[in-house]
Amino acid sequence: DVLTRFFNELAYTQVALYGKTFTRASRDTWTLLVHHSGVDALVQRELISTALTRKGNNERRTAWRGAG
């Protein structure tokens with residue numbers, strides 16, 4: 001279950017960031033995990049998480065400034 005969620009998260013991230021179809025993103029995710037033993041995937045996950053968190057914080061700040 002944990003591996004399935006992790007796999008789906010990586011695949012959907014590629015869909016969101018690169019505009020890939022889910023099928024293509026799944027293939028690329030599988031290749032990433034098989035050929036790079038998942039280490040690159042974990043690093044990519046952390047970098048993406050950080051970037052999305054910062055983007056969300058910036059959007060909230062912009063919305064808050066615009067409200068006043």
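Student: Hi! What kind of model is this, and how are the residues numbered?
Tutor: Hi! This is a predicted model, where local features need pLDDT of at least 70, side-chain atom pairs count only at pLDDT 80 or more, and totals for chains, interfaces and linings use all residues. Residues are numbered from 1 along each chain as its sequence is written, and side-chain values use heavy atoms, with hydrogens and water left out.

Student: What is the mean pLDDT of the protein?
Tutor: The mean is 78, and 71% of the residues reach 70 or more. pLDDT is the predictor's confidence in each residue, from 0 to 100.

Student: And which helix has the lowest mean, and which the highest?
Tutor: Helix α3 (residues 39-67) has the lowest mean pLDDT of the elements, 68, while α2 has the highest, 89.

Student: How many helices and strands are there?
Tutor: There are three helices and zero strands. Both are DSSP runs numbered from the N terminus: helices are H or I with at least four residues, strands are E with at least two.

Student: Let's do α1. How far does α1 reach?
Tutor: Its 17 residues reach 24 Å from the first C-alpha to the last, close to the 24 Å expected at 1.5 Å a residue. The expected span is 1.5 Å times one less than the number of residues.

Student: Which residues of α1 are buried?
Tutor: Those are Phe6, Leu10, Ala11, Thr13 and Gln14. They cover an arc of only 150 degrees around the axis, which puts them on the same side of α1. The arc is that of the directions from the helix axis to the C-beta atoms. Buried means under 20% relative accessible area, exposed over 50%, and partly exposed in between (1.4 Å probe, protein chains only).

Student: What's exposed on the other side of α1?
Tutor: Arg5, Tyr12 and Ala16 are exposed there.

Student: What does Gln14 touch?
Tutor: Leaving out residues up to four places away in sequence, Gln14 touches Gly19, Lys20, Ala25, Asp28 and Thr29. Contact means heavy atoms within 4.5 Å. The side chain of Gln14 also makes a polar contact with the side chain of Lys20, at 2.8 Å. A polar contact is a pair of N or O atoms within 3.5 Å; within protein, one must be able to donate a hydrogen and the other to accept it, and residues adjacent in sequence count only if both atoms are side-chain atoms.

Student: Is Gln14 itself buried or exposed?
Tutor: Gln14 is buried, with a relative accessible area of 6%.

Student: Switching to α2: which residues are buried there?
Tutor: Ala25, Ser26, Asp28, Thr29 and Leu32. Seen down the axis of α2, they fall within an arc of 170 degrees, so they line one face of the helix. On the other side, Arg27, Trp30 and His35 are exposed.

Student: How many aromatic pairs are there?
Tutor: The structure holds one. Tyr12 and Phe22 form a tilted pair, 4.7 Å centre to centre with 35 degrees between the planes. Rings of Phe, Tyr and Trp (its six-membered ring) pair if their centres lie within 6.5 Å; planes under 30 degrees apart count as stacked, over 60 as edge-to-face and the rest as tilted.

Student: Where do those two sit?
Tutor: Tyr12 is in helix α1 and Phe22 in helix α2, ten residues apart. Tyr12 is exposed at 51% relative accessible area, and Phe22 is partly exposed at 32%.
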